[in-house]
Amino acid sequence: MNKKTTIGQEPVRDARKLGAPRMLILGLQHMFAMFGATVLVPILVQGYGLPLNIQTTLFFAGIGTLFFHVCAKMKVPAFLGSSFVFLGGFKAMGSMSEGIYAGMDPAVKLQYACGGIVVAGLLYVVVAAIIKLVGVHKVMRFLPPVVTGPIIILIGLNLAPSTVDNAKTCWWLAILAIAVIVIANIWGKGMIKIIPILLGVVIPYLAAIIGNAMGATVITDLETGAVGPMLNFAALSEAGIIGFQPFVTNIGGNIAKFDISAILVMAPIAIASMMEHIGDMSAISATVGENFIEEPGLHRTLIGDGIATSLSAMFGGPANTTYGENTGVLVLSKVYDPKVVRLAAIYAIVLSFSPKFAVLINTIPAAIIGGVSFILYGMISAIGVRNVVENRVDFTNSRNLIIAAVILVCGLGFSDGLTFVVGGASITLTSLAIAAIAGIALNAILPGNDYEFGKTEHSDNAGNLGNY
């Protein structure tokens, strides 16, 4: 075979020369890379009491990816999977009990949460328009690492309590999940290193099947200490192999609803998710050897990501984001053709038409989710720290110290948020929203902002959330 068409040697920019069978397999590899994290988001959100659907999540991951590729002139080999950055917002919405949210049905509360995400996605479009008009450097001056770093740290810290609660249901299963992810990520080779989250779910799940067959139990109620079987397949036999997503069969019950409190909970998280997007675009550009921030342009990729997010949330899905896992696959395979990523998107759409598959995913024990979350949530906070360190934020500078201090205290101190009434309407700001508003305001007001995007070392990775 010609050297230029051998995977793992020279980069392949047109996968058609590899032949259809290999292209299909490469697309499958991209699907496996994104799968674990993408389906984990609705599972985690269900743990917060909000019925986010797996079928809907997979469908809009696929549709969102295809839409993103259209916006990016079919040039950027990126996959859009479920965003972990918005988990803190979902958790806050799940616990909302003030004003109209008092006694509200969880399904309706999810609709309001999705309404907030719709607005968050539209903020991408606003920022994209500003970038197109004034340039990325002027926009990023208001979002330096001294602001985005502490915000990312808070996202992980605010989610930590739910992680421990899940792990408590069966500690040995949670520890196994942690061990598998660590081993795969640090010592794994090839594809193993690319899919640690997927392995961290699958291997402990197989152990749970064996344990369940031997009569092992897990704690089903932490308050009473009640125990039950590790796995429950009762609903699996009732689910159909093929079926439409809930937003198709019950469109009125899944369309997003809008309320100022929900918007103020979810929309500020777009700050962190946009930083993640910029970091991922930089990483993909470096991997492929093309400057995608210049062509097709950051404004185009932001629009694709933002509208994909809004479209997903409008019909009851989670926010989307560009996935670092799939960038890892690009490095592994050296096949840079976006067509193979679009194949993965089509696979995700096909899987979304199986209710039985969605029910099977929901049988994953909470302890496994807890173990995986130990790594994921901790990694979000740790990457926030890395963000600050790599960008060499000077904390001997009182200005930077004050901004970071106020963000962290607001994010941890306002644990119940802040509720106030305006014009008869009850408005609630979560701790993360308060922290984001305070950080951006202080950065704009206090003198001495010398951050320049693209000129400060590592500044193009200002918000990169890594692989997850």
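**Exercise 1.** Is F60 buried or partly exposed?

Solution. Take the relative accessibility of F60: 4%. Buried means under 20% relative accessible area, exposed over 50%, and partly exposed in between, with a 1.4 Å probe and protein chains only. F60 is therefore buried.

A note on the source: this is a predicted model, in which local features need pLDDT of at least 70, side-chain atom pairs count only at pLDDT 80 or more, and totals for chains, interfaces and linings use all residues. Residues are numbered from 1 along each chain as its sequence is written, and side-chain values use heavy atoms, with hydrogens and water left out.

**Exercise 2.** Classify F315 by its relative accessibility.

Solution. The value for F315 is 22%. F315 therefore counts as partly exposed.

**Exercise 3.** How many aromatic pairs does the rule give, and how is the pair of F59 and F247 classed?

Solution. Start with the rule. Rings of Phe, Tyr and Trp (its six-membered ring) pair if their centres lie within 6.5 Å; planes under 30 degrees apart are stacked, over 60 edge-to-face, and the rest tilted. The count is 10 aromatic pairs. Now take F59 and F247: their centres are 5.3 Å apart and their planes 45° apart, a tilted pair. F59 sits in helix α2 (residues 54-71) and F247 in helix α10 (residues 246-249), so the pair ties together parts 188 residues apart in sequence. Helices here are DSSP runs (H or I, at least four residues), and strands are runs of E (at least two), numbered from the N terminus. Both F59 and F247 are buried.

**Exercise 4.** Which classes of residue line the largest pocket?

Solution. Sort the lining: 10 residues are nonpolar, 12 polar and three charged. Nonpolar covers Ala, Val, Leu, Ile, Met, Phe, Trp, Tyr, Cys and Pro; charged covers Asp, Glu, Lys and Arg; the others, Gly among them, are polar.
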